[in-house]
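Dear colleague,

I am handing over the structure below, followed by notes on what was found in it. Please read them with the model open.

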Amino acid sequence: MESSSAPIAGDDVPSELRPLFEALRNSPDVDRRLASLLRKLGSKVAPEGARRLAVRLREHAPDDMYVWSATEPFIRTAVPSWHFEIVRDGRRNRTYDEALRASVQHGSSVLEIGTGSGILAMMAARAGAGHVYTIEIEPLLAEAARRNIADNGFQDRITVINKDAMSVVGVDLPHRCDAVVHEIISSDLLAEGVLPLLNSARANLLVPDALYLPRHVAAHGMLIGDDVFDVGSTTQCQEGLSLSGLDRLGKKVRAKNGPLEIRYPLSLPSELLRFDLACGAEARDANATVKMEVVGNGLARGILQWISFSFPDGREYANPPDVASCWSLRLYPFAEPLPVSEGRQVEVHVQAIDDLLVVGPPLVR
């Protein structure tokens, strides 16, 4: 088995493992033995050092499946599984591709925040952009994107900038860009920093009348009861015994994936919050009292939440409960079950605090 790079050196190995490495560096199977050490002792190593060693081991032993398996956890820490899920969402990909074809001006310069696989940058180039400057903070992803971009023949029209987007300033680009394409929208809308990242880009990297793709993002929700909450959200009663004390230790917001059948809907869908990304929206300015129209009788256990985002040409992507999506649904449990009846209204206060969507206690009207 041939190596594809220089042998592993002391500088490649985290200081916590260096004494052990020195004892086995002349071993004929040093790659496997070092990968085994990393697998067993990796939790005691600084994350960045563990990841760097995992990358070097893979470079040095590209065909050794043991090395690849042993280093998997450290690679996945840097490249979470959702990177693979989003590029398999055909509806998401088609929406972006059609919106970019409709909106990107021929010869324009496009900024992308969050390169990932490079697919959106390549779509923008294919749609007619003269050049795309795309920013990726994770070195592994930046390198993977460069390979994808070269494989598809766009290397002369796409530049990958391996930096934190908040630290990218005018000197990193030859000029301000005419449009920004992004997909930094989390399942609970704001957790990926879409507002501060785009505000920073507006101040430093975009022309004043830049095009935002997408431009609007929103969170939506509806009241739900036991037919949804009994699917892995709480322990509830088991064999007649209450386990609510354990539930209090769990996360208040639970992720679910659609499609999800809601047999007994308790309210119509409502828009919770909406942001116009072209107007410098900030989370601290966002709060609303949302009135939900009750359409069923029962005990409301909380609010089921999903997202949508829309483009200047009118195209929209959303992940309501009845469709499959790479984005998860979210559950916001009420502290106590709320009796509701058809024809009434439930008011909830919704607020964005930093990068969190906060849903306040409900009030029946």
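Setting aside neighbours within four places in sequence, E347 touches T289, V290, K291, P361, P362, L363 and R365. This is a predicted model. E347 belongs to strand 15, which covers residues 345–353. With a relative accessible area of 14%, E347 falls under the 20% cut-off, so E347 counts as buried.

S310 is the other one to look at, and its place is in strand 12 (residues 298–310). Its relative accessible area is 11%, so S310 is buried too. Beyond neighbours within four places in sequence, the contacts of S310 are P214, R215, H216, R274, R315 and E316.

Aromatic rings

The count of aromatic pairs comes to 6. One of them joins F309 and F311, edge-to-face, with 6.1 Å from centre to centre and 70 degrees between the planes. F309 and F311 are both buried. F309 also pairs edge-to-face with W327, at 5.4 Å centre to centre and with 65 degrees between the planes. That pair links distant parts of the chain, 18 residues apart: F309 is in strand 12, whereas W327 is in the loop between strand 13 (316–318) and strand 14 (329–340). W327 is buried, as is F309.

Which residues form one aromatic cluster? They are Y96, F309, F311, Y317 and W327. A charge is found at one of these rings: the charged end of R91 sits over the ring of Y317, 4.2 Å from its centre.

Helix 8

Helix 8 runs over residues 139–151. Its 13 residues should span 18 Å at 1.5 Å a residue, and the end C-alpha atoms are 18 Å apart, so the two values agree. The buried residues of helix 8 are L141, A142, A145 and I149. These residues cover an arc of only 100 degrees around the axis, which means that they lie on the same side of helix 8. In general, an α-helix has 3.6 residues a turn, so residues three or four places apart point the same way.

What covers the buried residues of helix 8? The cover includes helix 5 (82–86), helix 7 (119–126) and strand 3 (158–161). On the face turned away from the buried side, helix 8 carries the exposed residues R147 and D151.

As for the ends, E138 caps the N-terminal end of helix 8, with a side-chain oxygen 3.0 Å from the backbone nitrogen of L140. After helix 8 comes G153, whose phi is positive, near 80 degrees.

Regards

Notes. Residues are numbered from 1 along each chain as its sequence is written. Side-chain values use heavy atoms; hydrogens and water are left out. Helices (H or I, at least four residues) and strands (E, at least two) are DSSP runs, numbered from the N terminus. The expected span of a helix is 1.5 Å times one less than its number of residues. Buried means under 20% relative accessible area, exposed over 50%, partly exposed in between (1.4 Å probe, protein chains only). The arc is that of the directions from the helix axis to the C-beta atoms. Contact means heavy atoms within 4.5 Å. A polar contact is a pair of N or O atoms within 3.5 Å; within protein, one must be able to donate a hydrogen and the other to accept it, and residues adjacent in sequence count only if both atoms are side-chain atoms. Rings of Phe, Tyr and Trp (its six-membered ring) pair if their centres lie within 6.5 Å; planes under 30 degrees apart count as stacked, over 60 as edge-to-face and the rest as tilted. A charge sits over a ring if NZ of Lys or CZ of Arg is within 6 Å of the ring centre and within 35 degrees of the ring normal.
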